[in-house]
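Take a walk through this structure, one piece at a time.

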Amino acid sequence: MKDKLCGLLEPVVSGLGYELLDIEWSSAGRNSVVRVYIDRTDGGSIGLDDCERGSRAIDAALDAADAIGHEYQLEVSSPGFDRPLRTAAHFARFAGSEARIELAMPLDGRRRFRGRLGPVNEGMVTIVVDRKEWRLPLAGISKARLVG
């Protein structure tokens, strides 16, 4: 569902001059929530007006595509201090920062990593945890955030 929503909303959000950072989807019947994180591409901070503008456009796109199929609550937000990381560019931009990464499938018996981000090369994200360097496949990351 997340990939489907990203594909649908990426052009909508970029058309407004924002970057789509991440989408969180929790399906709970009538209590389903679609949380969309956006950021400005000009280096400025996301404000309430930006979130409202994004919310109107995103809601219209979701409704037109009937992407959810049932009632849901839409939340459009700034990335905040614990900014989500999704693309290679996101990880590269914040190399040297502390982050939490969760893998969809374990690597050497481990799924969760918290440490300092290193370079991104050939689809692999580097993170140093307790002085050990791990190379994690970008495609295998289910969730990643900066530690604020």
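Three strands make up an open sheet, ordered β1-β2-β3, with mixed pairing. Its edge strands are β1 (18-26) and β3 (73-77), and each of them pairs on one side only. On average, neighbouring strands of this sheet are turned by 20 degrees against each other, direction ignored. Here helices (H or I, at least four residues) and strands (E, at least two) are DSSP runs, numbered from the N terminus. Two strands pair if DSSP finds at least two bridges between them.

This is a predicted model: local features need pLDDT of at least 70, side-chain atom pairs count only at pLDDT 80 or more, and totals for chains, interfaces and linings use all residues. Residues are numbered from 1 along each chain as its sequence is written, and side-chain values use heavy atoms, with hydrogens and water left out.

Now follow the parallel pair. Strand β2 (residues 33-40) runs parallel to β3, with five bridges between them. Val-36 has Val-76 in β3 as its bridge partner. In a regular strand, side chains alternate between the two faces of the sheet.

Which strands does helix α1 touch? Helix α1 (residues 2-15) packs on the sheet and touches β1 and β2. Its direction makes about 150 degrees with that of β1. Helix α2 (residues 48-65) also packs on the sheet, touching β1, β2 and β3. The direction of α2 makes about 140 degrees with that of β3. Contact means heavy atoms within 4.5 Å. Axes are lines fitted to C-alpha atoms, for helices over the stretch in contact, and angles run from 0 to 180 degrees between N-to-C directions.

Move on to the hairpins. Strands β5 (residues 110-121) and β6 (residues 124-129) run antiparallel, joined by four bridges. Val-120 is bridged to Val-125 in β6. Two residues lie between β5 and β6 in their hairpin, and Glu-122 in the turn has a positive phi of about 50 degrees. Next, six bridges join β6 to the antiparallel strand β7 (residues 132-137). Val-129 has Lys-132 in β7 as its bridge partner. This hairpin also has two residues between its strands, and Asp-130 takes a positive phi near 50 degrees.

Strand β8 (141-146) and helix α1 each supply at least two lining residues. β8 gives the most, with four.
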